[in-house]
Amino acid sequence: MSSVHDPTINQNIKIQCCNSSYAVDGDKSVWTVFADVNIALKKPTKLSSTHDPTITEGTYYLCCNSTYAVDGDKSNLAYDQGDFLCANSATVDNQQSWWAVDLQNVYTIEGIYIFGRTTYGLEQLANFDVEVIMPSCSCNRWGNLDEGDVFHRHYQATANPSVNITCPPNTRGRFVRIRRRDTKHLAICEVEVYSDTINSLNKSDSSRIDTAYACGYIGYRYVGPVIVTSVADSNIHCTIICFTTTACTAAEYDKNTHVCTLKGECMIGTQSFLLPDNDKDVFFIQ
């Protein structure tokens, strides 16, 4: 062969592929291929704090945003000087630094790969937990990670520029969080989270009913942006409509009028958007 296709470069997937010898190995059993896909790539991220070189070093360079850890670029691992395109937290008194990615759906997670600096500063990726989290019933996704159920936790004690984690079978969650156990700052250059094709490539907003779940507040209403209203037979029917509607975060059902109001995600800080209302039930889609 004149050249060999590399799916890790061209498609961002991990799979045995493309060796010229496979064409004459006599094996015709592999007609349909399911690949592991990096479901963290370019997903929403959050840092507990962000290092600002203009304050701590008196200079400016591109640095430290949480999104750099899922941009798919691992060329900056041997950072020496200039722009530092890795996620890097600030040191805050009495605060454990953490970084998290919202996978935007509930996935079965098979492996997590974490890349840090390969030269100096290796201690910036040490003494941390890696958590796969199923979210709580809340409209504030980042502020309530601690209320979610930790499906799997891996502890990494020693500094290592590359950490590969194989998750136990049926590890499921929506968030992956990396959190130091001490108060030192955290530097992460890239995080890859892998799920099989069935649980990733075939997903769409209309298929959320197969993979997501809802949790409810009986006797509450939700103050959030309205997407659409309709009539539903029950609060369950209202929730199913929300499952199959793009951008629906919460299904609010009026038990007297049977009106189903679909609402979007609240976006303002940590303010509570749940208020007591005996006539209403609210179900959040996770």
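A disulfide is a pair of cysteine sulfur atoms within 2.5 Å. The model described here is predicted, and it holds 4 disulfides. Three of them are set out below.

| Disulfide | S to S distance |
|---|---|
| C63 to C64 | 1.6 Å |
| C86 to C189 | 2.2 Å |
| C238 to C260 | 2.1 Å |

**Disulfides**

Take C86 and C189. The torsion about their S-S bond is about 90 degrees, so this disulfide is right-handed.

C238 is buried, and so is C260.

C63 and C64 are buried too. Another cysteine, C167, has a relative accessible area of 9%. Buried means under 20%, so C167 counts as buried.

**Aromatic pairs**

A pair of aromatic rings is described by the distance of the centres and the angle of the planes. The structure holds 4 aromatic pairs. One of them is Y113 with Y194: the ring centres are 5.4 Å apart and the planes stand at 85 degrees, so the pair is edge-to-face. Planes over 60 degrees apart count as edge-to-face. This pair also links distant parts of the chain. Y113 is in strand 7 (residues 111-115) and Y194 in strand 13, 81 residues apart. Y194 is buried, at 4% relative accessible area.

Y217 and Y220 form another pair. Their ring centres are 5.9 Å apart and their planes lie at 75 degrees, so this pair is edge-to-face. Ring pairs join Y217 and Y220 with Y222 and F284 in a cluster.

**Charges over rings**

Two charged side chains sit over rings. The charged end of K74 is over the ring of F115, 5.1 Å from the ring centre. The charged end of R181 is over the ring of Y155, 3.8 Å from the ring centre.

Conventions. Residues are numbered from 1 along each chain as its sequence is written. This is a predicted model: local features need pLDDT of at least 70, side-chain atom pairs count only at pLDDT 80 or more; totals for chains, interfaces and linings use all residues. Side-chain values use heavy atoms; hydrogens and water are left out. Buried means under 20% relative accessible area, exposed over 50%, partly exposed in between (1.4 Å probe, protein chains only). Rings of Phe, Tyr and Trp (its six-membered ring) pair if their centres lie within 6.5 Å; planes under 30 degrees apart count as stacked, over 60 as edge-to-face and the rest as tilted. Helices (H or I, at least four residues) and strands (E, at least two) are DSSP runs, numbered from the N terminus. A charge sits over a ring if NZ of Lys or CZ of Arg is within 6 Å of the ring centre and within 35 degrees of the ring normal.
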